[in-house]
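Dear colleague,

I am passing this structure on to you, and below it you will find some notes on what turned up in it. Please read them with the model open beside you.

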Amino acid sequence: MPVTQNRIPGTALDSKTILERIRFHLRYSIGVRKEDATPYALFKAFALAVRQELLDLHHTTQERYRESQTKRVYYLSLEFLIGRSLENNLIALDLYDIFAEAAREWGIELSEIANTEPDAALGNGGLGRLAACFLDSMATLGVPGFGYGINYEYGLFRQQIRRGYQVEMPDHWRMEDSPWQVEMSRDALYIPVYGRVEDGVDRDGNYNPMWMEWRILVGVPYDMPVIGYGAKTVNYLRLYTARASDEFDIQIFNQGDYIRAVEQKIESEKVSKVLYPSDAIATGRELRLLQEYFLVACSLRDIMDRFRRDFDDIRLLSEKVAIQLNDTHPSLVIAELMRMLVDERGLEWDLAWQLTKATCGYTNHTLLPEALEKWPVALLEKVLPRHIQIIYEINSRFLKEVERRWPHNGGMVQRMSLIEEWPEKQVRMAHLAIVGSHSVNGVAALHSDLIKSKLVPDFYQLYPARFNNKTNGVTQRRWMKVANPGLTKLISDHIGEGWITDLQQLRGLERFAGDSGFLDEFARVKQVNKLRVAQRVKRDTGIVVDPASMFGVLAKRIHEYKRQLLNVLYVIHQYFRILDEGHVPKSSRTFLLAGKAAPGYYMAKLIIRLVHGVAEVVNNDPKCKDLIRVAFLPDYKVSIAEALIPGANLSEQISTAGKEASGTGNMKFAMNGALTMGTLDGANIEILEEVGAENLYIFGLTAEQVSSMRMKGSYNPWKYLETNPEIRRIVDALSGNLFCQGEQEIYRPIVDTLTHGGDPYFHFADFSAYVAAQEAAEADYQDARAWNRRAVLNVARMGKFSSDRTIQQYARDIWKIPAASGSGD
């Protein structure tokens, strides 16, 4: 294949050179003529032209790292919710305008090309999006930080809505090869699974177990360049695709069992086929375990191979390598690293354990028991027979430490053991991660406190210095500069562009919060964004919404604790006030919801059905015309969030206090000028501290009050039903068929949960406070100047919530590695 002329790095690009590159890639990389190019082919040609720049800078970056022998950070996550990359990469390279000019010369707008790019479906929600923000910040700050994940062929699912119900469709985002991924076949790895362990001794009489009769998975890495803003650093995200071992397949073929050979290949490649296979059945649970080990084994093998190429002394491992576990999914790192050090490198156990702990850090992201993974011992014995031996040995030594600290305390031993004995023997993966790491951090101040006081207080007593907080952040490059170019220009015209790499500089906007001209322009930017949202809503749902109304947005994963249901209850309340009482809201309202429910999560899917049922009634009732509208945007993902968030007036962050670890949507909305409607949960508390109580709406029970009511059993939903006629009216409607569109009593499970089920999420307890807060916001929205002033102050005071600040704290406190100054501490 002909090779295109690369420009010399550092020289200027012009639109003519870019067009030559694009023509070359269309003809030779993709194999089509300009006249025959599909929209995706054209996007791919543009992306490949950009990739040349990224790869040149990537090679320069890696050479710099090699020469300095710097410590490297490896961020392991089962999710990386990257979204689209073309515009983000062009902005980081400062090449957006020149590529836009080239596109116009081609006869098309660059935005049209960018919108052709599919979202990289490598994650589900906040966990994966946080990981993507962290990669951006590490590259921007010059941290040698690399992501490791799985190259899923299919995302979680593509959400469609049929008759109000969520329907899951395959999200085959890699139907065509991604131009951002570079296959690195030469670095393919062989990963053993299954088999058995044969006990033995070495020639010195020491225990020497042999892992035998395993099956091989092949991990083929694909690298996605991750560029920092300003193009000084390009790191990478390394994603592994599972393939079957050719040697193993040939052996089966030679035995004449051709069908079994094909089945073996299919089974092996399932490992990277889909994000989060259902674990409702045994085969799905086994596949999920295989996925997690595949990620861990590929990542560690690659990390250790690189370390060995650069350093001879294994004792330098923790000085040159930092491994961060993004939640419990990669917790098998602890057992796998011990296996590599003890079994393969022949280290004494104590030295191997010291190195493992010093190298690994664990980030906890949840207080929900169901999200703290546990794996059946029997399943681990089947899939990873050597690792379960190592876990038992870790546990044995750890429990001796516990016994020394708390002699004859069987309850403490039982609570802290890595093995849960009843009702089924299971490995507590969070315990493994805590014991095997030198740092355990939460992701918001309240969350970190609850980890220490509620989740694992015994571990905090044993290892108090190990626990710390690192409040989450988001990258302003993606969530302001890419997503909200109008606001970006307004800010930069008034305070310069320094905020793009130092978000604390947004404080400079405070002096414009009383400036009429600035507030008018701020309002104009918001209205343009709302028009864009309105167009999107009409295109995706057919519902017409008024851009002059207050846009309240609740966009996140559908879960009972996130309380989308509370938002819907308020809409029903408003509807009945209009219908029965002739109430006219002080401001017209548009309620926008978006998010996916897990396929097996019945209640979450029923809440989606309720949203659509309520929307159908409210939107078609003449009495509600020009007063309230309701819409649910399907298939929520990064590209939809980028369109939706800049157009919000009110950000709904209404989880039950004490349930949300941090949240990052709250940060994205606020830095784009939305006022928060929220509970004292997660990072809402810290946003309150930064922006001031007068610039948001806080309501409801505190985490302490929720905990107290739960422990005392003092929350009685029936008390609210009997004393609050508004709640009674809503429940009566849900018990009937008003919102059912011909189906009979379909919301009975919701009613039962709210009333008979005890409602662990305290909807009724917070309802009246929520109504009062909503009415306050509705009244305040009438004064446009005062509202916009508060919105500007929200933007100005969000400097703390940059992921740059978070990464600087990780680098300083956990990884012990330099990071460029920027958004401060």
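Asn672 is buried in this predicted model, since its relative accessible area is 1%, and its place is in the loop between α25 (665-671) and β22 (675-678). Leaving aside neighbours within four places in sequence, Asn672 is in contact with Trp479, Met480, Asn484, Leu487, Lys526, Ile645, Pro646 and Val795.

Where pLDDT is low, the predicted coordinates should not be read in detail.

Two helix pairs are worth a look. Helix α2 (residues 39-68) packs against helix α3 (residues 86-93) at an angle of about 40°, with the axes 10 Å apart, which makes α2 oblique to α3, and the crossing of the two is left-handed. On the α2 side the contact is made by Phe43, Ala47, Val50, Glu53, Leu54 and Leu57, and on the α3 side by Leu86, Asn89, Leu90 and Leu93; these residues divide into eight nonpolar, one polar and one charged.

In the other pair, helix α22 (residues 564-581) and helix α29 (residues 725-735) have axes that come within 10 Å and cross at roughly 100°, so that α22 and α29 are roughly perpendicular to each other. From α22 the contact takes in Leu569, Ile572, His573, Phe576, Arg577, Asp580 and Glu581, while α29 brings Glu726, Arg729, Ile730, Ala733 and Leu734. The residues of this contact of α22 with α29 divide into six nonpolar, one polar and five charged.

A cis peptide bond joins Trp422 and Pro423, with omega about 0°, and Pro423 is found in the loop between β14 (419-420) and β15 (426-428). Phe762, although not a glycine, has a positive phi of about 60°; this residue is found in the loop between α30 (748-754) and α31 (763-780), and Phe762 is buried, with a relative accessible area of 3%. Lys816 also has a positive phi, near 55°, and lies in the segment after α33 (803-815), but Lys816 is exposed, because its relative accessible area is 58%.

Methods:
Residues are numbered from 1 along each chain as its sequence is written. This is a predicted model: local features need pLDDT of at least 70, side-chain atom pairs count only at pLDDT 80 or more; totals for chains, interfaces and linings use all residues. Side-chain values use heavy atoms; hydrogens and water are left out. Axes are lines fitted to C-alpha atoms, for helices over the stretch in contact, and angles run from 0 to 180 degrees between N-to-C directions. Helices (H or I, at least four residues) and strands (E, at least two) are DSSP runs, numbered from the N terminus. Angles under 35 degrees count as roughly parallel, over 145 as roughly antiparallel, 65 to 115 as roughly perpendicular and the rest as oblique. A crossing is left-handed if the near helix is turned anticlockwise from the far one by less than a right angle, and right-handed if clockwise. Contact means heavy atoms within 4.5 Å. Ala, Val, Leu, Ile, Met, Phe, Trp, Tyr, Cys and Pro count as nonpolar, Asp, Glu, Lys and Arg as charged, and the others, Gly among them, as polar. Buried means under 20% relative accessible area, exposed over 50%, partly exposed in between (1.4 Å probe, protein chains only).
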